[in-house]
Amino acid sequence: MRNGLRALGRQLRSTARKQGPWASVHRFPRTTEALPHRSYASVSAADVQFGQPLHETHPHLLKPGELTPGITALEYARRRSNLASKLPKNGIAILAASELKYRSGPVFYNFHQDSDFFYLTGFNEPEAVAIIGKSTGEEDHVFHLFVRAKDPKVEQWEGSRSGTQAALDVFNADETGDIKDIEKSLSRIIRQASEVHTDVSPSTTPTSALSRLFTSRSPSKSNALSKILDPVTVKPLRSFLNDLRNMKSDAEIANMRKAGQASGRAFTEAMGQAWITEKDLNAFLEYTFKRNGCDASA
């Protein structure tokens, strides 16, 4: 155990000396100029804690360059670029992450990210907003990602957050900010847009700054998002996303094949045994799915 911890410490210190505490293989280079050498004696564990596994923290789960298993940061950028190509000049698309769903009190269900948000960002935390715009400059699109800020006290209870710096360095956002300030940032971006495409719908149980923005406080008043969107043309995003997601990349096909193989093995093993209750069968299937590399059942 001690040898493993020492090896991990050497690896982190080596990475820090080469690239700094926010090093990431995901960030696309913006310059070819040589940077001055910086060295660090050590890296705090807090500097390598994120809200989801990354290659830098879980090299046994993700390969270099991958943002999620099998899918690279470059592929996520290409997806955003493909979406931006379908937008009109100065048009933007707005997507919101899923919210935590609570069983009772502070006890919540397992988090499941909105599939469209995840498809375009690879970001697997609640309370986040992605805004993808068609750029008029040299870049083909602009990517805004607003997330929960780092908060050590809260993270002790709720688990690690990636934070705003990781939104830039790991998830390749061009602009980021605290999700608590989303209303002000969203107003500024929308004022510059010619057209807005979104499928975000009001939440019936507002529990965060994000859901409160999308929910009216009074049945007789429009919600805050509607007020922000009032000056611009708003259209649905669904048709664009359906077109994009109909075409699968080689990496997506490989992931689908792995999931199919894992599912097939699990059901084959289950059919070879006798089960007294459905609860036992379900527990076995869930365990076998995950043992074979899946995150959960579909």
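Two strands count as paired when DSSP finds at least two bridges between them. With that in mind, let's walk through this predicted model, starting with its strands.

Strand 3 and strand 6 run antiparallel and are joined by 5 bridges. Within strand 3 (91-96), look for I94, which stands opposite I131 of strand 6. Strand 6 also pairs with strand 7, again in the antiparallel sense, over 6 bridges. Here V129 has F146 of strand 7 as its bridge partner. Strand 6 is mostly covered, with 5 of its 6 residues buried.

The largest nonpolar core has 31 residues, and L83, F117 and L145 have the most contacts inside it. At least two residues of this core come from each of several elements, including strand 3, strand 6 and strand 7, along with helix 2 (73-86), helix 3 (115-121) and helix 9 (238-246). Another core, of 15 residues, lies apart from the largest one, and V129, V196, I228 and L229 are among its members.

Finally, visit T68, in strand 1 (residues 66-68). Is T68 buried or exposed? T68 counts as buried because its relative accessibility is 7%, and the cut-off for buried is under 20%. Beyond its neighbours within four places in sequence, T68 is in contact with Q52, L62, Y76, F118 and G122.

Notes:
Residues numbered from 1 in each chain as written. Predicted model: local features only at pLDDT ≥ 70, side-chain atom pairs only at ≥ 80, totals over all residues. Heavy atoms only, no water. Core = buried A, V, L, I, M, F, W, Y, C linked by side-chain atoms within 4.5 Å. Buried < 20%, exposed > 50% of the residue type's maximum accessible area, 1.4 Å probe, protein only. Helix = DSSP H or I, 4+ residues; strand = E, 2+ residues; numbered from the N terminus. Contact = heavy atoms within 4.5 Å.
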